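Q: Please go through some labels on this structure, and set each one against its cut-off.

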Amino acid sequence: MFTRNVADGIHRIEHAYVNTYLVEDDDGLAIIDAGLPGMWPQLSRVVRELGYGPGSVKALVLTHAHFDHVGTAARIRREFRAPILVHDGDRYIAAHPYRYGHENNRFLYPVRYPKSIPYLGAMTLAGALNVRGVADVHSLGGDSGAVLPGRPQVILTPGHTAGHVALHYPERDVLICGDSLVTLNPYTGSKGPQIVSGAATANSAEALASLGRLAATNAPLLLTGHGEPWTGGAGAAVEQALDRGAS
């Protein structure tokens, strides 16, 4: 599914319950997160339909380096010649996208939460078990936003992973959260603002603590790694996520 201008100059591609965002300005295009391998045909087509090709895709920015956000990264770098930016805390995971910290046994979740099965099944069919890592990456830091399309503020939000970041675009009233806050939890099948389950989160207590940094943006619109856009404001989303807690 492709949604043009989910925010001003920001477009959303959703495939197998994973979101990728395309951010445009006069300097070019940034791709935020790389989805799963099955997203590639649609992602490649949309980028070209928007008028971009090799050299005009300024960067692929990873909010974090889990397999479902790295799935097309190698192809984006190869075919669009785009550098890949990731926080140093997630460099290792970017190269080894299945070797990440998590609190709970992933394989118990479909048993405990049968509603998760359609979501996890769709992700598997989209290539979740066949993701190539990327080692040739560049550091994403607090000053990186100054050279990225849309000029985002890079906000470190550790917990889901050590190097997780969110991207705030104040002039566009939007916050791209990655998986620091989602509106669909693939591991439980539950919807609404929350953190991702301990099946994929390294430190839930730290992830909940990082939510305060999202609330501080006061962004009216939140775009998440999984689930539909949240239009109720960052404060309300964070309040609901804190009430839910860890899972």
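Q: Why is Tyr109 called buried?
A: The relative accessibility of Tyr109 is 1%. Buried means under 20% relative accessible area, exposed over 50%, and partly exposed in between (1.4 Å probe, protein chains only). So Tyr109 counts as buried. The model is predicted: local features need pLDDT of at least 70, side-chain atom pairs count only at pLDDT 80 or more, and totals for chains, interfaces and linings use all residues. Residues are numbered from 1 along each chain as its sequence is written, and side-chain values use heavy atoms, with hydrogens and water left out.

Q: Why is Tyr113 called partly exposed?
A: Its relative accessible area is 23%.

Q: What makes Tyr109 and Tyr113 a stacked pair?
A: Rings of Phe, Tyr and Trp (its six-membered ring) pair if their centres lie within 6.5 Å; planes under 30 degrees apart count as stacked, over 60 as edge-to-face, and the rest as tilted. The Tyr109 and Tyr113 centres lie 5.6 Å apart, with 20° between the planes.

Q: What makes Tyr109 and Tyr187 edge-to-face?
A: The centre-to-centre distance is 6.1 Å and the angle between the planes is 75°. That angle is over 60, so the label is edge-to-face.

Q: Why does the pair of Tyr109 and Tyr187 tie together separate parts of the sequence?
A: Tyr109 lies in helix H5 (residues 109-112), and Tyr187 in the loop between strands E11 (182-185) and E12 (190-194). The parts are therefore 78 residues apart in sequence. Helices (H or I, at least four residues) and strands (E, at least two) are DSSP runs, numbered from the N terminus.

Q: How do you know whether Tyr187 is buried or exposed?
A: Its relative accessible area is 10%, so Tyr187 is buried.

Q: What makes Arg112 a charge over the ring of Tyr109?
A: The rule asks for NZ of Lys or CZ of Arg within 6 Å of the ring centre and within 35 degrees of the ring normal. The charged end of Arg112 sits over the Tyr109 ring, 5.7 Å from its centre.

Q: How do you know that strands E2 and E3 pair?
A: Two strands pair if DSSP finds at least two bridges between them. E2 and E3 (residues 18-25) have 6 bridges, in the antiparallel sense. His11 stands opposite Leu22 in E3.

Q: What makes strand E2 mostly covered?
A: In E2 (residues 10-15), 5 of its 6 residues are buried.
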